[in-house]
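Biologist: I would like to learn how to read a structure, one feature at a time. Please give the general idea first, then the case here.

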Amino acid sequence: MNRPEKLAATNKYDAPVAGYPVSAPVLSGLFSFLDIFFLILAGALAYKWIVGNPLYMREIYSFAIAFIGLAYFFVGRFAGIYSFAALLNPFRNASKLGVTCLTVFLLLLAIAFTLRISDSYSRIWLYSFTAMAFSFVFAYRLLAAFILSSNVQHGRFNRNVVIFGSGEQASRLIKQLSQGQHNFYRIIGVFDDRQTRTGDLGEGYTISGNMKDLKKLVRQQDVDDVIVALPWNADDRQVGIVQQLRELPCHVHLVSDLVGFRFPNKPSPAHFGNIPMIEVIDSPVSGWGSVLKWLEDRILSSLLLLIFMPVLICIAVAIKLESKGPVLFKQKRYGYNNQIFEIYKFRSMYVEEQTPDVTQQATKNDPRITKVGRFIRRTSLDELPQLLNVFLGTMSLVGPRPHAIDHNEEYSVLIDGYFTRHKVKPGITGWAQVNGLRGETDTLEKMEARVEHDTYYCEHWSLLFDVQILIMTAFVGFINKNAY
């Protein structure tokens, strides 16, 4: 199979790299759903041809088809038919599919004999169901593998990979990634702080820059994986590098030392096949997690906009009646991966003729705040327009609160790992806010505590964690004495 066209590693990253990263968990889940769908289809068609109309299927046959689907799901995982390699090589793994199908149907027969209901089934239906189930699943998997491989040849469904290191480890890694049977990897840059080697690293790659350049690339393009390829005896250096990469929204891996290349069966991330490496930093919202997060934000923001529409209208009218100026206040903030976006809030202050260069946080008894503004700030109603940000995709319901640009630049210098909070989209509410860390941050200690809570959220995200924060927000997050 032809490898996708490589980008020059010395480019200036003028344009983002197109593509949709192949995620092993997403592929596994998708194929699980399709397997069960085709099993049910096979059972229904066999019933139609052998027994009668499947719309009036006898309960005992319905039970058999449901059991086959459920058993196939669990036995298949045990047999390894949902591994990344099995999904991409249906011919090589046809025997596993056959054994899985045979096992689940033998389980059905064993249960039927045990319960003395085997005579209730048509044996011809059962044999037909078995043969059709394997045929359907194998056929669609062949087609899916062909479609996936075809898209890879055209540069789609690739994982954008960045390598840090320029020694023998990096050269061997580049060779293995470039010459793999299913090359889903697009190496878009090789970086090293110690640029002692500036020649060819193999496969036409050279050093693109240092750590600062690597971070710039990740913030400008969609990078899925950063692989640190350094000697493992340089442990102190690797720890420092990993700490710097911790703030980036991508997976970070340590490739095995040179001796590891002699043992290709060591565990490694699924999408890298048999290349021995260890994942040390996981992307907080990836795979099915990104799908769940997207659905959570779109569905809930739509419902909340409908529910709060009367409140939004009343607040807008009150603001307009009290003082001149726009109803909404827009301000540029840093969001996901340090990308700048405009955040929406209800205007709570009098309009100034000149906008100050430095953002001034609101303080207690601040004369700039209107009467309506004081109420909506204390009750957090001024943040309701951010539901539009969530619906449009620039924010999330739950995540670190976005700070003003000048505050970001100030605190990123004072607090180590500050940008880790940008690994996920900013939120209307967050783990820091429900723990009382909202409002004015007049000391460095308060901001450090907020960043610590935000970092914890980014590194421990789950759908249940979001639900917990939303429930806590309903009880403790709206009214706060620190919100001026």
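Biologist: Is F129 buried or exposed?

Modeller: Buried means under 20% relative accessible area, exposed means over 50%, and partly exposed lies in between; the probe is 1.4 Å and only protein chains are counted. F129 has a relative accessibility of 0%, so F129 counts as buried. Before we go on, note that this is a predicted model: local features need pLDDT of at least 70, side-chain atom pairs count only at pLDDT 80 or more, and totals for chains, interfaces and linings use all residues. Residues are numbered from 1 along each chain as its sequence is written, and side-chain values use heavy atoms, with hydrogens and water left out.

Biologist: What share of the residues in the protein chain is buried?

Modeller: Of the 484 residues in the protein chain, 48% are buried.

Biologist: How many helices and strands does the chain have?

Modeller: Both are DSSP runs numbered from the N terminus: helices are H or I with at least four residues, strands are E with at least two. The chain has 16 helices and nine strands.

Biologist: How many aromatic pairs are found in the whole structure?

Modeller: A pair of aromatic rings is described by the distance of the centres and the angle of the planes. Rings of Phe, Tyr and Trp (its six-membered ring) pair if their centres lie within 6.5 Å; planes under 30 degrees apart are stacked, over 60 edge-to-face, and the rest tilted. The search of the whole structure gives 18 aromatic pairs. One of them is F91 with F138, edge-to-face, with 5.8 Å from centre to centre and 75° between the planes. F91 is in the loop between α3 (84–88) and α4, while F138 is in helix α5, so the pair links parts of the chain 47 residues apart. F91 is exposed at 64% relative accessible area, whereas F138 is buried at 16%.

Biologist: How far apart are the ring centres of F105 and F129?

Modeller: Their centres are 4.9 Å apart and their planes stand at 90°, so this pair is edge-to-face. F105 is in helix α4 and F129 in helix α5, 24 residues apart. F105 has a relative accessible area of 4% and is buried.

Biologist: At what angle do α4 and α5 pack?

Modeller: Axes are lines fitted to C-alpha atoms, for helices over the stretch in contact, and angles run from 0 to 180 degrees between N-to-C directions. Helix α4 (residues 94–114) packs against helix α5 (residues 123–153) at about 150°, with the axes 10 Å apart. Angles under 35 degrees are roughly parallel, over 145 roughly antiparallel, 65 to 115 roughly perpendicular, and the rest oblique. The two helices are therefore roughly antiparallel.

Biologist: How do the axes of α9 and α10 cross?

Modeller: Helix α9 (residues 288–307) and helix α10 (residues 309–322) have axes that come within 4 Å and cross at roughly 55°. That makes α9 oblique to α10. L305, L306 and I307 of α9 make the contact with M309, P310 and L312 of α10. By class, this contact has six nonpolar, no polar and no charged residues.

Biologist: What is the phi of N337?

Modeller: Most residues other than glycine have a negative phi. N337 is not a glycine, but its phi is positive, near 55°. N338, also not a glycine, has a positive phi of about 65°. N337 lies in the loop between β6 (328–334) and β7, and N338 lies in the loop between β6 and β7. N337 is buried at 7% relative accessibility, and N338 is buried at 14%.

Conventions
Contact means heavy atoms within 4.5 Å. Ala, Val, Leu, Ile, Met, Phe, Trp, Tyr, Cys and Pro count as nonpolar, Asp, Glu, Lys and Arg as charged, and the others, Gly among them, as polar.
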